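Subject: Structure handover

Hello,

Here is the structure you asked about. Please open it alongside this note, and my findings follow below.

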Amino acid sequence: MEIKHGVISADSHGVLGPDAMTSRMSAKKWGDKIPHLVEVEDDGRMVERWSVYGKVGSGNVANCPAVMGEPFPHFPERWEEVPENAYVPSERLKALDIDGVDAEVLFPNAPYFSLYSFGDVEFEMDVARAYNDAMAEWAQESDRYLPLATVPFLCGPEAAAREIERAVSVGNRGANLMGEFPAPLPHIGDPAWDPVWAMCESLEVPVHFHGSSGVRAGAAARSWKGYSERQAHSASTSCSAVTPAQVIPHLIFSGITERFPKLKVVFAEAGIGGLNYSIAAMDHEWETRHLWTEGIATRPSETVRRQMFVNFWFEVEGIKLRYDIGVDNLMWESDFPHVACYYPNSAASIEKVLGDIPEDERRKLLYENAIRIYGIKAAVPVA
């Protein structure tokens, strides 16, 4: 990978075309259950919606407001409205250059979420495999794409670990997980999930928790029905800062990070602020409760520095905390092409946040940490 702009987004989202699943999943086996677009009437208009497992969703056809133009934000109601620079890899490269971004880590995008809700183990697995294969093709298109595998879990820890291994073998660069699993699956802290941690550690790929990661924090703020559309979005995303403060204690105090000290964990679209509270609270509890006597030998703040990484994009105040967390533990993200993205003005937003911080730190935050964490082979220009 050539580093031209000096910027890697550690959190963007891949958008797959409308035939991504129908072209990869067995029509004989799944028929109309395969994710596909259908035409429906909505408030007197004919629009398109995703049908998954025979159920028609209420959302838009693609989450890509950053490239939809004015008025901002708005979402496409039919696929023909979706700009090619959201879902065609070759066109998207042009958008990256316009925005001054060298590469992007690609998290899953709608509509392939919450597949567990159908309770069909084989369906969840087949969609996950098709998705992971489709995104691996992006990586074959260009080394500027670093896709993350979506992980099926109804199949159980062993099968989930095998799918991570397979997905990485075809080009994915990590695994995206949920912060909590529905009953009767074991809790995320249960040793039953050790095959997943062991696989990611052995492959030297990070596990990721994005946004809320399915954790029910801020449920009251998220669920109120009296918001306007923009108010609801703001209330929902503002709660995401607490995700690391919940998931990290699970990983540390359940003993996962003690058993897997080389496991890398990345938190995306959750910001920096929640991490500092988590570090302070965990160190306090570790000292007060003498948890080294119960198998947690490493001070939590040391574990965080060793294994945890968090992304930032807008936090002018948050970046002032970089020494407490660790300059080596932070990565910039764009969230392209979602509503939080500053495209095509990411350079200006970066300057607002990073300002006059030292150049060596700036390089780490903008691309060097990502190169290290994702094992990127990069050609970096001589300063």
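Predicted model: local features only at pLDDT ≥ 70, side-chain atom pairs only at ≥ 80, totals over all residues.

Strands E2 and E3 run antiparallel, joined by seven bridges. E3 covers residues 45-52.

Six strands make up an open sheet with parallel pairing, in the order E7-E8-E9-E10-E11-E12. At its edges stand E7 (149-150) and E12 (330-332), each pairing on one side only. E11 (residues 308-312) pairs with E12 in the parallel sense, over three bridges. Within that pairing, Val 310 has Leu 330 in E12 as its bridge partner. Helix H9 (residues 243-253) packs on this sheet. H9 touches E9 (207-210), E10 (265-268) and E11. The direction of H9 makes about 170 degrees with that of E10.

As background, strands of a sheet pair through backbone hydrogen bonds, either parallel or antiparallel.

Next, the cysteines. How many disulfides does the model contain? The count is zero, with a cut-off of 2.5 Å between cysteine sulfur atoms. Take Cys 155: the nearest cysteine sulfur belongs to Cys 200 and is 13 Å away. Cys 341 is in no disulfide either; the nearest cysteine sulfur, that of Cys 64, is 11 Å away. Is Cys 341 buried or exposed? Cys 341 counts as buried, because its relative accessibility is 6%, and buried means under 20%.

Finally, the whole protein. It has 15 helices and twelve strands. The radius of gyration is 20 Å, close to the 21 Å that the globule rule gives for 383 residues, so the protein is as compact as a globular protein of that length. Its C-alpha atoms fill a box of roughly 60 × 50 × 45 Å along the principal axes. Of the 383 residues, 54% count as buried. The protein exposes about 16,700 Å², with carbon and sulfur atoms supplying 52% of that area. Among contacts between residues at least 6 apart in sequence, 71% join residues at least 24 apart.

Best wishes

Notes. Residues numbered from 1 in each chain as written. Heavy atoms only, no water. Buried < 20%, exposed > 50% of the residue type's maximum accessible area, 1.4 Å probe, protein only. Pairing = 2+ DSSP bridges. Helix = DSSP H or I, 4+ residues; strand = E, 2+ residues; numbered from the N terminus. Rg over C-alpha atoms; globule rule 2.2 N^0.38 Å. Contact = heavy atoms within 4.5 Å. Areas by Shrake-Rupley, 256 points an atom, 1.4 Å probe, with all protein chains shown as cover. Axes fitted to C-alpha atoms, helices over the stretch in contact; angles between N-to-C directions.
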